[in-house]
Amino acid sequence: MEKLIGRNREIAELERCFYSERSEFIVVSGRRRIGKTFLVNNVLKNRITLSYVGSHKSPKERQLKKFAQSMHQAGICNVLPQLQSWYDAFDALEATLPTIKAKKKVIFFDEMPWIDTQGSEFVAALEDFWNGWASLRDDIMLVACGSATSWLVDHLLENQGGLHNRVTSRISLQPFNLNECKQYIDNKKGTWDNYQIAQMYMYIGGVPFYWSLIDFSKGITENVDNLFFMPGAKLQGEFDELYQVLFKNSDDYVAIMRLLSDHREGLSRQQIANELGATGGTLSKRLVNLERCNFIMTQTPTGKKRNGTIYRACDFYTLFYFRFIEHEHQFVKHYWNSKMTSQSVAIWQGLTFELIGMTHIDQIRMALGIYGININCSAWRSSDVTETGKKAQIDLVVERADHVTHLYEFKFSSGEYVITSDYAQKLRERLGIYRSQTKTRDTLLTTFVTPFGVNKGKNYSIVQSEITLDQLFWKTP
C-alpha cells in the first residue's frame, strides 16, 4: 500500500476512536478523489472487521446480496445470510459481532450515500442498529464514508430524527496544500521544483488522486496533455462524473460554478440569484454544499456584515476545465505544449496564483511572523464615488489584532517581479482610497506575494513586506 502523506490529525482521530472506551460513530467526508477510503484502509488496515462499499445506482436487492457476501468473506458468519431488508442485515451484525474477539469491531461503510436507494429504509435500519444496540456497547467502531457530502450532512451529521447528535466524531478531509504535494512528489522520487509544483497545482489543485496520475519523469506540459487533451486522456470525462457523484441535480451546481468561474472576483448571494434566477433556501443549501466540498470559498468584505458575503470558486480543476478544457481542447497531441505560452494562459495563471495564496493563509501568516496573532481575512471593494474618480478593489485584506492591516498583491512571474512607475502610482492611490473609505487607523502595509520576489528597483519603496513561493510551501503546525 502507498505511503500515507500528511493527514496527521485525521490519523490521530481514527486511532483515538479505536482505543476509546465507548462505541464510536465516525463520519469521514470530503470531495471525490480526496483519499477518504485510502485514509481509513491505511490507518485501520487489518483491524477492520467488515468493509462494505455501496454500489452507485444499484437496487436494494443487489446491495443486500453484496453485503451478505461481504459478511461471509470477512468470516463474520459461516453461512451466507439471506437478507431481505437492511433491518435483516443489521440484525445479522448484532447476532454475529459479539463472537468476534477484537477490542473494537470496526464496521466500515464506504460510499454510504449510495446504499440509501429509494425505498431501502437503510437510514431507519441504521438508526435502530446504533441506538438500540451498538451505542449501548463499548466495542463498536462504525465508520461512514462517502463523497456525497450533502447526504452525509442531511442524514447523519444534522439528522433531525433518530440519529440526531449520534455521530461521535467527524473527519472532513481537505485537499493537499503545496507542502503535502511536495511530500508526495518526494515520496515518488520526483525532482520537480516548487515553481513546477505550483503550476500543476493551478490545474489540479490538491486532489491526491489527480497527483497519482502524474509521471514525474516528464515535464508539466506533457503531463497536462496526458491528463486532459490527448486522445484517451486519463481524466477524460472526469468533470461530469465528479459533479454527478457529489450532487443531486448536478446541473444546478455546475451552473453556479460556471457563473463564479466567469467572475473570479466573486459574487454576492443576491448577484448569484439574479444571474441564475434562483431564489429561496435551495440556492443557500447549494452554496453550503459547494463550500463543504471545497468548491467555493467565502469572504466578507471589509466593513460589511454577513449578508455581504462574497462567494468565490476555489476548485482549481473546475476553473481549469471551464477555461481551457470544455470548449478549447481538441484531442490532438501536444495541444497544451502549444497553448502554454499564450497570453490567455498567462492571464489565467495570474488569477490562479492569487487563489493559491488565498488557500495558503496559514503559510502567509508564518512567513510574516504573525502565526500567533488573531487575524480577519476579507475582500474590499470601493464605493462608486472615490477621491480620484476611479474604482478600486483588493481581493485579500488581512486585518491583524495588533492594528496592522495587510493589503495583498499577488503577481505570478517567471523571475523577479518588476514594479513600473504607473503601477506604483496606482497602488498609492488605492491605499489612499482604502484609508479614506474604511476610516481605518491601522498601519497599512502593501504586501506582495510572488514566486521569486520583487525586483529592488526604483519603485520598490511601495513594498512594505513580501512573500515568495517557497514560503507558501512551508509546513504549518
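Keep in mind that the model is predicted.

Five strands form an open sheet, and the pairing is parallel. The order is S2-S3-S4-S1-S5. Which strands sit at the edges? They are S2, residues 48-53, and S5, residues 169-172. Each of these two pairs on one side only. On average, neighbouring strands here are turned by 15 degrees against each other, direction ignored.

Now a helix on that sheet. Helix H1, residues 8-19, packs on the sheet. H1 touches S1 (24-29), S3, S4 (140-146) and S5. The direction of H1 makes about 160 degrees with that of S5.

Next, look at S3, residues 105-110. S2 and S3 run parallel and are joined by five bridges. Leu 50 stands opposite Ile 107 of S3. Ser 51 stands opposite Phe 108 of S3. Turn to the S4 side. S3 and S4 also pair in the parallel sense, over five bridges. There, Phe 108 has Val 143 of S4 as its bridge partner.

Lys 105, Ile 107 and Phe 109 point one way. Val 106, Phe 108 and Asp 110 point the other way. All of them are buried, and that includes Lys 105 and Asp 110.

Compare that with strand S13, residues 465-468. Here the side chains alternate. Ser 465 and Ile 467 point to one face and are buried. S13 is joined by four bridges to S12, residues 443-450, and the two strands run parallel. Thr 450 has Thr 468 of S13 as its bridge partner.

On to helix pairs. Two packed helices are described by the angle between their axes and the distance between the axes.

Take H4, residues 86-96, and H6, residues 122-132. Their axes are 8 Å apart, and the packing angle is about 25 degrees. H4 and H6 are therefore roughly parallel to each other. The crossing of H4 past H6 is right-handed. Who makes the contact? From H4, Trp 86, Tyr 87, Phe 90, Leu 93 and Glu 94. From H6, Phe 122, Ala 124, Ala 125, Leu 126, Asp 128 and Phe 129. By class, this H4 and H6 contact has nine nonpolar residues, two charged and no polar ones.

The second pair is H13, residues 250-262, with H15, residues 280-292. Their axes come within 11 Å and cross at roughly 75 degrees. H13 and H15 are therefore roughly perpendicular to each other. H13 brings Asp 252, Tyr 253, Ile 256 and Met 257 to the contact. H15 brings Leu 283, Arg 286, Leu 287, Asn 289 and Leu 290. How do the residues of this H13 and H15 contact divide by class? Six are nonpolar, one is polar and two are charged.

To recap the two pairs: H4 and H6 are roughly parallel, while H13 and H15 are roughly perpendicular. And for the sheet, remember the order S2-S3-S4-S1-S5. That's my tour.

Key:
Residues are numbered from 1 along each chain as its sequence is written. This is a predicted model: local features need pLDDT of at least 70, side-chain atom pairs count only at pLDDT 80 or more; totals for chains, interfaces and linings use all residues. Side-chain values use heavy atoms; hydrogens and water are left out. Axes are lines fitted to C-alpha atoms, for helices over the stretch in contact, and angles run from 0 to 180 degrees between N-to-C directions. Angles under 35 degrees count as roughly parallel, over 145 as roughly antiparallel, 65 to 115 as roughly perpendicular and the rest as oblique. A crossing is left-handed if the near helix is turned anticlockwise from the far one by less than a right angle, and right-handed if clockwise. Contact means heavy atoms within 4.5 Å. Ala, Val, Leu, Ile, Met, Phe, Trp, Tyr, Cys and Pro count as nonpolar, Asp, Glu, Lys and Arg as charged, and the others, Gly among them, as polar. Buried means under 20% relative accessible area, exposed over 50%, partly exposed in between (1.4 Å probe, protein chains only). Two strands pair if DSSP finds at least two bridges between them.
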